[in-house]
Amino acid sequence: MRVVIAGGGIGGLATALSLHAAGFEDVVVCEAAGEIRPLGVGINLLPHAVRELTELGLAERLAEIGVATGELAYFNRYGTPIWSEPRGLGAGYDWPQYSIHRGRLQMLLLETVIERLGAHAVKTGRRVVSTGPRPGSGADGLRIGTDDLRIEADDLRIEADDLRIEADDLLVGADGIHSAVRAHLFPDEGPPPWNGLLLWRGTTYGEPFLTGRSMIMAGDGTRKFVAYPIETGERTLINWIAERPLDGEAPARGDWNRPADPQRIVEHFADWRFDWLDVPRIISGAEAAYEYPMVDRDPLPYWTSGNVILLGDAAHAMYPIGSNGASQAIIDARVLAHSLAHGDLAAYEAARRPVTTALQLSNRQMGPEVVMKLAHERAPDGFDDIERVLPLTERTEIAASYKRTAGFDPVSLNERPSWNVTR
């Protein structure tokens, strides 16, 4: 079987590595961009995703480019603690959690694909184009377009001198929130829905805060500031996200790389100075910042049509809440490879679609970050005793429930059988 992966992002590259580890040799990644470059800012890799990359043999290289997250802590708008918990190994997982630059992770995956599958396995400048919806016909009506590379409607073939793919092979749509493969299967879906919030993202060199490996979130349910280190050593590189409601129409839905002026962002958080963190200083110190409207995709009734299947954001784009976007794409990749290796493609969707649907819906309700909203609703002017506002039992259950939904409850994850394939 030859597998063609549309999309050279984290999900697509993790799929190529997973398939190769499962014994599939005929795998090609087709990326629309003319060059795969280390774009973006920081993300978090949760322990369930780190487990999968560890089982793909990437543990040491991950440790070299990521910061092992020590704790996750929530605060109200005034910097008063609401909830904190250890993360990664400190929380009892068998694997760490990493704060990491998205681009560095993507380049690590790309380099590993080329090392293991060969340079011919990654083809850039290959964009998926739909020539018209043909419900129920799989890849009919799709092509991956350059002059010498296309998927034709009649028999699903990719032609590039010595490369030909027949109709019994598989096309994996891992081409992101604006997936052309998804649009071919669901042509009436329209743009990603927006919830009225605007995010700004950037990185700033600054002083370590709290434990030096803390991931913090401060806010009131609508305005929010997130910060965590993605590089430590002689200098600390802090990844940050600022969020607030926006009047009017959302700019560039689904584009993470739209530039923004840090000084204009500071205006909305000018008095967010805590004893342990100076938010305006972090924002204003960024060399570059980017804005992004808070969008996701509605859950789908199915991911598979004929010889086409969806994965990652193309299947289940979700709000960037709970640090789950990249992690879920990596898990998709591993489960897909495991299912294919056992000759049961349907098992992939059966295992993954209910989980990610529940996660998409949970993130729309703020996931574990709801503690900031509840604390603000119950004590809008702040509080001295969080226990009287949001009891420990309630906070603990909110955090535990989200872990169960997202698949990284520590006991269940540590005990789950591996998705490695032995042949």
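Q: At roughly what angle do the axes of helix α2 and helix α9 cross?

A: Bear in mind that this is a predicted model. Helix α2 covers residues 47-55 and helix α9 covers residues 325-341. Their axes come within 8 Å, and the crossing angle is roughly 45 degrees.

Q: Are α2 and α9 parallel, perpendicular or oblique to each other?

A: Start from the crossing angle of roughly 45 degrees. Angles under 35 degrees would count as roughly parallel, and roughly perpendicular needs 65 to 115. The pair is therefore oblique.

Q: Is the crossing of α2 and α9 left-handed or right-handed?

A: The angle by itself, roughly 45 degrees, leaves the handedness to be stated. As α2 passes α9, the crossing is left-handed.

Q: In the open sheet of 3 strands, which are the edge strands?

A: The order in this sheet is β3-β7-β4, with antiparallel pairing. An edge strand here pairs on one side only. That applies to β3 (42-45) and β4 (66-68).

Q: How many degrees does the twist average from one strand to the next?

A: This is the open sheet with the order β3-β7-β4. Going from one strand to the next, the twist averages 25 degrees.

Q: Which residue in β7 stands opposite Val67?

A: Strand β7 spans residues 98-101, and β4 pairs with it in the antiparallel sense over 3 bridges. Opposite Val67, the residue in β7 is Ser99.

Q: Which strand gives the most to the lining of the second largest pocket?

A: This pocket has a volume of about 280 Å³. Its lining counts 15 residues, and those nearest the centre are Gly40, His101, Thr203, Ala288 and Tyr290. With 3 residues, the top contributor is strand β12 (residues 194-206).

Q: How many charged residues are in the lining of the second largest pocket?

A: Sort the 15 lining residues by class. You get 8 nonpolar and 6 polar ones, and the charged count is 1.

Q: What is the volume of the largest cavity?

A: The structure holds 3 cavities of 30 Å³ or more. For the largest cavity, the space comes to about 50 Å³.

Q: Which strands each supply at least two residues to the lining of the largest cavity?

A: Residues lining this cavity include Leu72, Tyr74, Met215 and Met217. By class, the lining has 7 nonpolar, 2 polar and 1 charged residues. The strands that each supply at least two are β5 (71-75) and β13 (214-219).

Notes: Residues numbered from 1 in each chain as written. Predicted model: local features only at pLDDT ≥ 70, side-chain atom pairs only at ≥ 80, totals over all residues. Heavy atoms only, no water. 1 Å grid on protein atoms, 1.4 Å probe; cavity = no way out; pocket = protein on both sides within 12 Å on 5 of 7 lines; lining within 4 Å. Points joined across faces, edges and corners; volume = space filled by probe spheres on them. Helix = DSSP H or I, 4+ residues; strand = E, 2+ residues; numbered from the N terminus. Nonpolar A, V, L, I, M, F, W, Y, C, P; charged D, E, K, R; others polar. Pairing = 2+ DSSP bridges. Axes fitted to C-alpha atoms, helices over the stretch in contact; angles between N-to-C directions. Parallel < 35°, antiparallel > 145°, perpendicular 65-115°, else oblique. Left-handed = near helix turned anticlockwise from the far one by under 90°.
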